[in-house]
Amino acid sequence: MENEQSGRRDFVKKSITGTIAMGTGLSLAASLFSANEANASEAEWNGDPNASNEKAFRMGVIGPAELSLATSQIAASKASNKNAKEFAGFELTEAIAVTGVLKDLGTPVPPMDAKAKATLAKIKNTPAGPEFDKAYISAQLENHEFLRDLAASYISKGKLAGAAENQGRHLATLSLAVFKEHVAITKRILGELGG
């Protein structure tokens, strides 16, 4: 009994210590990103899938992630094809996580450009059924091809100095794997839909 209680105390102590350390690490990462943002290029995001630094990468991801969030919220209830509906659920979860992380890092959300507004309007206005599924999956394919190219561009620049750049490269490296996977999945689903 004494060993069991001692084990529980050790577990709780380690859990609390780990949580505090993780919280401190996230706070440090956020402050590093914010500090680096002040030193980064003042140019705003121009829609080009090229990123020369972590700020440009974050600025390039946030708009498409917001669009993906909005369209996936609609598709989660409106998609009729089982694979499109399943993808919408996964994509919605991903978009919530990505936008949350980027906002925590102080990434401003730009207003939607004309192309994003048109995509969102098309998703909203297309009735449920095969045409909706094609429109949604096509939009996700285009979005993830852009994000894939953006992450690959940033990673290809080579290692840049600074902790924020290092963290940005880690984020881009992890994201690139997901972006590539989502391009492949949306292409497959679009093929199944005859698109």
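Student: Is Asn83 buried or exposed?

Tutor: Asn83 is buried: its relative accessible area is 18%, and the cut-off for buried is under 20%. Keep in mind that this is a predicted model.

Student: Where does Asn83 sit, and in which helix?

Tutor: Asn83 belongs to helix α3.

Student: And which residues is Asn83 in contact with, leaving aside neighbours within four places in sequence?

Tutor: Those are Arg188, Ile189 and Glu192.

Student: What about Ile185, buried or partly exposed?

Tutor: Ile185 is partly exposed, with 25% relative accessible area. Its place is in helix α6. From Ile185 to Ile137 there are 48 residues in sequence, while their C-alpha atoms lie 9.5 Å apart in space.

Student: Let's zoom out. How many helices and strands are there in the protein?

Tutor: The count is 6 helices and 0 strands, and reading along the sequence gives α-α-α-α-α-α.

Student: What share of the contacts comes from residues 24 or more positions apart?

Tutor: Among contacts with a separation of 6 or more, such residues account for 77%. As for burial, 39% of the 195 residues are buried. The accessible surface is about 10700 Å², and carbon and sulfur atoms hold 60% of that.

Student: Before I go on, what is the mean pLDDT of the protein?

Tutor: The mean is 80, with 76% of the residues at 70 or more. Confidence is highest in helix α4, residues 114-125, at a mean of 96, and lowest in helix α1, residues 2-39, at 44.

Student: Over which residues does pLDDT stay under 50?

Tutor: That applies to residues 11-46, for which the model has 31 contacts beyond four places in sequence. Where pLDDT is low, the predicted coordinates should not be read in detail.

Student: OK, on to α4 then. How many residues does α4 have, and how far does it reach?

Tutor: α4 has 12 residues and spans 16 Å from first C-alpha to last, close to the 16 Å expected at 1.5 Å a residue.

Student: Which residues of α4 are buried?

Tutor: Ala116, Leu120 and Ile123 are the buried ones. Looking down the axis of α4, they fall within an arc of 60°, so they line one face of the helix.

Student: Why would residues three or four places apart point the same way?

Tutor: An α-helix has 3.6 residues a turn, so residues at that spacing point the same way.

Student: What do the buried residues of α4 pack against?

Tutor: They pack against α2 and α5. On the other side of α4, the exposed residues are Ala114, Lys115, Lys117, Lys122 and Asn125.

How values were computed: Residues numbered from 1 in each chain as written. Predicted model: local features only at pLDDT ≥ 70, side-chain atom pairs only at ≥ 80, totals over all residues. Heavy atoms only, no water. Helix = DSSP H or I, 4+ residues; strand = E, 2+ residues; numbered from the N terminus. Buried < 20%, exposed > 50% of the residue type's maximum accessible area, 1.4 Å probe, protein only. Contact = heavy atoms within 4.5 Å. Areas by Shrake-Rupley, 256 points an atom, 1.4 Å probe, with all protein chains shown as cover. pLDDT = per-residue confidence, 0-100. Expected span 1.5 Å × (residues − 1). Arc of directions from axis to C-beta.
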